[in-house]
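Morning, everyone. Today I want to talk about aromatic contacts. Please bring up the structure.

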Amino acid sequence: MKLLASISFFVGRTFAAWVILFAVLGFFFPDTFKQIAPWIVTLLSIIMFGMGLTLSVDDFREVLRRPFDVSIGVLGQFIIMPLLAVLLTWIIPMPPEVAAGVILVGCCPGGTSSNVMTYLSKGDVALSVACTSVTTLAAPIVTPFLVWMFASQYLPVDGWAMFLSIVKVVLVPLALGAALQKLLPNLVKAAVPALPLVSVIGIVLIVSAVVGASKGAIVQSGLMIFAVVVLHNGLGYLLGFFAARASGLSLAKRKAIAIEVGMQNSGLGAALATAYFSPLAAVPSAIFSVWHNISGALLANWFSGRVEHVDKA
């Protein structure tokens, strides 16, 4: 078990490298990896189940203890990222499916990778976890509504079906994981060290499947989509940081909010885009999965060297 935990820790810390590797493999061996596409929803459910195993009452106590701080992160996530996505689709010419995919990933909740990056940045990890938990639980209602409001101009959006999908893919696995944690705490405690490995495997398979199924579109529009993703992600970090600073939050909290806002649950975006739009619409989410792990690690490294002399928290 110690060996498995060590492997899991190593794979978790080198997450970005594995995502890049499997994105490249998906591109060069599309016929192999696109066969995984029908399993994207199942893979995401497994990842969410793993997140449920790690949820604790303390995560939600943090929401009650610091409602203002958490609300800045949650509102930043669901206001800044969707509006940035819409703005980018207006400024940069792109096919309707790509535009819908950009908006979809912008309307997703925060990704669990943000918690790791916040830790590496010496930011407020408890705040990051609380924000991720709240946006994830709010996603079944907020994400379909935002996608319907902003992406309907590009493609038909079935908000009700999307709501049901997120409940099945996100909330049900989360609830099952949390329930198992209560019923079999010793078993779950023993399994937790292996969860990063499970999450990484799930994400890299989702990314490789989307890339494999969309190789032609990536060859044609990949650079444009990559530029949009880089702008979306980078501006999310920047505006998240300044929103937190304008709200009077300490540097540690600003780090957490910036990373939380800029990093998305792009696995959910890929699953929803594949199910309700097209493989091409899933490409922004797949590229986001690759890029935000690289940019998040770079930002965390830069942030880690910056501390306040007097903590205002």
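One term before we start. A residue is called partly exposed when its relative accessible area falls between the buried limit, under 20%, and the exposed limit, over 50%.

The protein chain has a mean pLDDT of 87. Of its residues, 98% reach 70 or more. By element, helix H6, residues 67-91, has the highest mean, at 96. Helix H1, residues 2-13, has the lowest, at 74. Where pLDDT is low, the predicted coordinates should not be read in detail.

Now the rings. The whole structure holds eight aromatic pairs. Take Phe-226 and Trp-291. Their ring centres are 5.6 Å apart and their planes stand at 80°, so this pair is edge-to-face. Phe-226 belongs to helix H13, residues 215-246, and Trp-291 to helix H16, residues 279-304, so the contact ties together parts 65 residues apart in sequence. Phe-226 is partly exposed, because its relative accessible area is 36%.

Next, Phe-241 and Phe-242. Here the centres lie 5.8 Å apart, with the planes at 90°, so this pair is edge-to-face as well. Which of them is buried, and which is partly exposed? Phe-241 is at 15% relative accessibility, so it counts as buried. Phe-242 is at 37%, so it is partly exposed. Both rings belong to one aromatic cluster, together with Trp-302 and Phe-303.

Last, a charge over a ring. The charged end of Lys-215 sits over the ring of Phe-27, 5.1 Å from the ring centre.

That's my part. Over to you.

Definitions and conventions: Residues numbered from 1 in each chain as written. Predicted model: local features only at pLDDT ≥ 70, side-chain atom pairs only at ≥ 80, totals over all residues. Heavy atoms only, no water. pLDDT = per-residue confidence, 0-100. Helix = DSSP H or I, 4+ residues; strand = E, 2+ residues; numbered from the N terminus. Phe/Tyr/Trp six-rings, centres within 6.5 Å; stacked < 30°, edge-to-face > 60°. Buried < 20%, exposed > 50% of the residue type's maximum accessible area, 1.4 Å probe, protein only. Lys NZ or Arg CZ within 6 Å of the ring centre and 35° of its normal.
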